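Please keep the sequence and the structure in view while reading.

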Amino acid sequence: MKWTFFHRMSSPKWFYDFSGQCLPWVGLLALALVVTGLTWGLLFTPPDYLQGNSYRIIFLHVPSASLAMTIYVGLAVTAAIGFVWKIKLADMAVSCLAPIGASFCALALISGSIWGKPTWGTWWVWDARLTSMLILLFLYLGLIALREAIDSRETAARACAILAMVGVVNIPIIKFSVDWWNTLHQGATIKITTESSMAMEMLIPLLISIAGFYLFSLFVFLLRLRAEIISREQRTTWVKALLGAHS
Amino acid sequence: MKAVRKQRLMLLGFIACGVAIASGLILTALQENINLYFSPAQMQASEAPLETRMRGGGVVVPGSVKRDESSLKVNFQITDGEGVVTVHYDGILPDLFREGQGIVAMGELDKTGEFHATEVLAKHDETYMPPEVQDAIDKAHSGKNYSEKSEGYRSVNTKGTLAPEQKS
């Protein structure tokens, strides 16, 4: 089997150089897509037949909620790989992903609440979708707190990996909560197997916006991870050489 | 793969399986408590508690909304396609409340099987479209006998939510 790519990628120096090359492209593309998606969605799509203009929060809410879940899955997989193979870079990635995921999770909860007031008539209701999403936020906060609470980096990495694995069970619960139980939250609008229940002129800006948010969080993730690499590897010769070259 | 790595991988596998099974069992046991509301069919089958605060939900039956002339009192029927329950409410209804709309009401079920609500929330469905599309659909359905403008394309499914009607 060819493990060389895997090993090379897990070297902090290689990753730092490689991500430095991707960073401006990811950033530019993210900016272009977010601006296009949000401007199109917020200003140029027609209003909804029933909700009028208040539905437009979907262009913020759906990308955030989707990212909050995707980032958690990515975090759990990275943490598991780091746990089994003891890869330093994996643990750095986990520590960078948690705050990003927590932010998007909070954004999804807040934007949903603002939409819920005019649409449902309440800010909050303890239905399965909203509650499981709140649990996701607490999982993220728990991961951040656990890492901060343990001084030894290796112990912290192990503890976080196990917590991340335990929490992953919540992801299918969030996703299918609207199908398994009676909830106030509606079912999924964007469907992969059947036709989405949204008019094309609203769906396209929404998909652009989702792609833009994904790239934006990739951009933020790379920025954070590069800073983390420099901070943790500051005693190595390559970082010293790099910093020496810059000063 | 080295033995120690295999061991760690198996440990993670066991944790994941254990947690999945445990949460599956807990969620199955709590099935009734996790459901946000009782459906009209459940209320009629006496599966819902009487004279206890709980939620009931369903689709407002078209033509069943009766408003009191001099107060905010209103009563209407909700259905999930199987059962029908009458709801009494005294208060301001959400903007999205209309006939054919899914709602979730908080209140008590009395002994005669009627629901007295203290709070009514509108349940939104997952369909989004511009008003012109809705008008076109209404026009296409105008030959049929529908009383209210926007129910034309909707039908009621068993979950008490609204689903777009199959093209006939």
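B:Met54 stands opposite B:Gly107 in strand S5 of chain B. B:Met54 belongs to strand S1 of chain B, which covers residues 54-60, and S1(B) pairs with S5(B) (residues 102-109) in the antiparallel sense over six bridges. Strands are said to pair here if DSSP finds at least two bridges between them. Helices (H or I, at least four residues) and strands (E, at least two) are DSSP runs, numbered from the N terminus. The model is predicted: local features need pLDDT of at least 70, side-chain atom pairs count only at pLDDT 80 or more, and totals for chains, interfaces and linings use all residues. Residues are numbered from 1 along each chain as its sequence is written, while chains are lettered from A and ligands numbered from 1 in the order in which they are written.

S1(B) has a further partner in strand S3 of chain B (residues 73-79), to which two bridges join it in an antiparallel arrangement. Within S3(B), B:Thr79 is the bridge partner of B:Val59. Six of the seven residues of S1(B) are buried, so this strand is largely enclosed by the rest of the structure. A residue is called buried if 20 or more other C-beta atoms lie within 10 Å of its own, exposed if 12 or fewer, and partly exposed in between, with C-beta atoms placed from the backbone.

S5(B) is also joined to strand S6 of chain B, by eight bridges, and these two strands run antiparallel. B:Met106 stands opposite B:Glu119 in S6(B). S5(B) and S6(B) form a hairpin with five residues between them, and B:Gly113 in its turn has a positive phi of about 85 degrees. B:Phe115 in S6(B) is the bridge partner of B:Val87.

Attention now turns to a loop of chain B. B:Leu72 lies between strand S2 (66-67) and S3 of chain B. Is B:Leu72 buried or exposed? B:Leu72 is exposed, because 11 other C-beta atoms lie within 10 Å. Leaving aside neighbours within four places in sequence, B:Leu72 is in contact with B:Asp90, B:Gly91 and B:Ile92; contact requires C-beta atoms, placed from the backbone, within 7 Å. B:Leu72 and B:Gly18 are 54 residues apart in sequence and 53 Å apart in space, C-alpha to C-alpha.

Taken as a whole, chain B contains four helices and eight strands. Along the sequence their pattern is α-α-α-β-β-β-β-β-β-α-β-β. Of its 168 residues, 29% count as buried. Among contacts in chain B between residues at least 6 apart in sequence, 51% join residues at least 24 apart.

Chain A has nine helices and zero strands. The C-alpha trace of chain A spans about 60 × 40 × 35 Å along its principal axes. Buried residues account for 40% of the 247 residues in chain A. For contacts in chain A between residues at least 6 apart in sequence, the share joining residues at least 24 apart is 77%.

Helix H7 of chain A (residues 170-180) illustrates burial in this chain. Its buried residues are A:Asn170, A:Ile173, A:Ile174, A:Ser177 and A:Val178. Seen down the axis of H7(A), these residues fall within an arc of 125 degrees, so they line one face of the helix; the arc is that of the directions from the helix axis to the C-beta atoms. Their cover includes helix H3 (58-85), helix H5 (128-149) and helix H6 (153-167) of chain A.

Where the chains meet, 36 residues of chain A are in contact with 33 residues of chain B. H3(A) gives the most to the side of chain A that touches chain B, with four residues. By class, that side has 24 nonpolar, nine polar and three charged residues. Ala, Val, Leu, Ile, Met, Phe, Trp, Tyr, Cys and Pro count as nonpolar, Asp, Glu, Lys and Arg as charged, and the others, Gly among them, as polar.

In H6(A), A:Ile162, A:Met165 and A:Val166 meet B:Leu12, B:Ile15, B:Ala16 and B:Val19 in H1(B). The residues of this contact divide into seven nonpolar, no polar and no charged.

Note on methods: Two residues are in contact if their C-beta atoms, placed from the backbone, lie within 7 Å.
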